Amino acid sequence: MSEPLNQCRGISRRAFVKAGVASVAGGGLIGIDVLSHAAEGDGDASQQGALPRRKLGRTGLEVSIVSFGGASLYYGPRGKLPQKEIDAIIGCAVDEGINLIDTSYGYGDGVNEATIGNALKGKRDKVIILSKGPWGPMKPMKEMLETSLRRLQTDHIEIYGLHGLDLTEDLAEKFIEKHLPDLVKAKEEGKISHIAGTGHLATTAMMRFIQTGLMEVIAVPINPVRREFLEQVVPMARKMDIGVVGMKVFHFGKLSQPVPELAGILGTDRDEFIRRTLRFSLAQDVACVIPGFTTVEEVKTAAAIGRGFAGLSPEEEKAMSVGREKSAEKVCRICGHCLPCPARISVPDVLRLELNARHYGLQAWAKRDYGRQKVKADACTECGECTKKCPHGVPAMELVLRAKSTLS
Ligand code: SF4
Ligand code: SF4
């Protein structure tokens, strides 16, 4: 057992509460009082038994309800962590009963996979690895998988797939044709066990991938603010017994801090924000959630919340239903079918921001992001083309025009 792992095991509750720190890590954000809150709300979770596991769809795997989004080890507030710290954090995670670690071929140009591979020496059999090849100008999938295997120092990855399926429908079709056969072959050869896809924005593309029948695991955003995947994708995936991994638990696009606008849903301070968002995500129809961690204290805090989790209280249910009552509205799926706009407005982006401002009260954040759009809604000539082209019945022009007042 390495020294850092002893540190994880040996830390007393008092010392841990004292030593706790706050950080943000690819969505990971844990503070000192979280454990105190967990103890109040969930019983003294730190003293309870094993971290519960849930079935990961039809894969036959069982995963810890709190698992590990490994990107935090490279993209956290302190950047790439030293190997020694990574060893400690992963050692602690394993010790706490966390048994799934997510990474990607593309994170940190491969450094993330490599450092996780190093940290898993002697522990590989205790952990399910979820990795994936990036989208964009991709190398052949076969080549990426071989590289991932080498970096992770293993001859087999439990779950491997396509990263960031935030594609228009046309591109999704091309991806299916080009990359899925390679994944099927890798599965036949025993290099991977299950095929996965991850997406952050475009629900339509994800649904198209699910329809192939080849997806066994998906990783999608699950949080109280962006509900598109929860409403459109998760029910479809679960009907097909696909395992759902919840990501972006604390990370709503560029929003990774509690903001006053969301106080009603997520509380007013960081600790409350963490506790509520993690509990919200655990209450959904997901196999696990994958917050990022940058310290052993964060691992222990999240694991304690997971161990003590027994569903949302009626008060939490009520607070977190904000936005849900509007779900019957036709929400933009960021599919891009309405493009090009003759006025060169990025309609999907404008609609996404308008939705965040109007549905969830995130005006300040949405306005900031809208300010970076090259062409604003003011340029709309009201030609009506976007509404006409939308196959999902979204009143796109109306929403673009509404964005003029919502976002300006
Ligand atoms: S209605 Fe406006 S936003 Fe829609 S396509 Fe025409 S100019 Fe573009
Ligand atoms: S408005 Fe319609 S076509 Fe345009 S991105 Fe949204 S869902 Fe797709």
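**Salt bridges**

Analyst: Glutamate 216 has a relative accessibility of 7% and therefore counts as buried (under 20% relative accessible area; exposed is over 50%, partly exposed in between; 1.4 Å probe, protein chains only). The model is predicted: local features need pLDDT of at least 70 and side-chain atom pairs pLDDT 80 or more, while totals for chains, interfaces and linings use all residues. Side-chain values use heavy atoms, without hydrogens and water; residues are numbered from 1 along each chain as its sequence is written, with chains lettered from A and ligands numbered from 1 in the order written.

The structure holds 20 salt bridges, each a side-chain nitrogen of Lys or Arg within 4 Å of a carboxyl oxygen of Asp or Glu. In one of them, glutamate 216 pairs with lysine 187, with 3.1 Å between the closest N and O atoms. Glutamate 216 sits in the loop between helix 9 (203-211) and strand 8 (217-221) and lysine 187 in helix 8 (residues 169-188), so the pair ties together parts 29 residues apart in sequence. Helices (H or I, at least four residues) and strands (E, at least two) are DSSP runs, numbered from the N terminus. Lysine 187, at 35% relative accessibility, is partly exposed.

Aspartate 102 and lysine 132 form another salt bridge, at 2.4 Å, N to O. Aspartate 102 belongs to strand 4 (residues 100-102) and lysine 132 to strand 5 (residues 128-133), so this contact joins parts 30 residues apart in sequence. Both aspartate 102 and lysine 132 are buried.

Arginine 402 meets glutamate 398 at 3.7 Å between the closest N and O atoms. The two are four residues apart in helix 18, about one helical turn.
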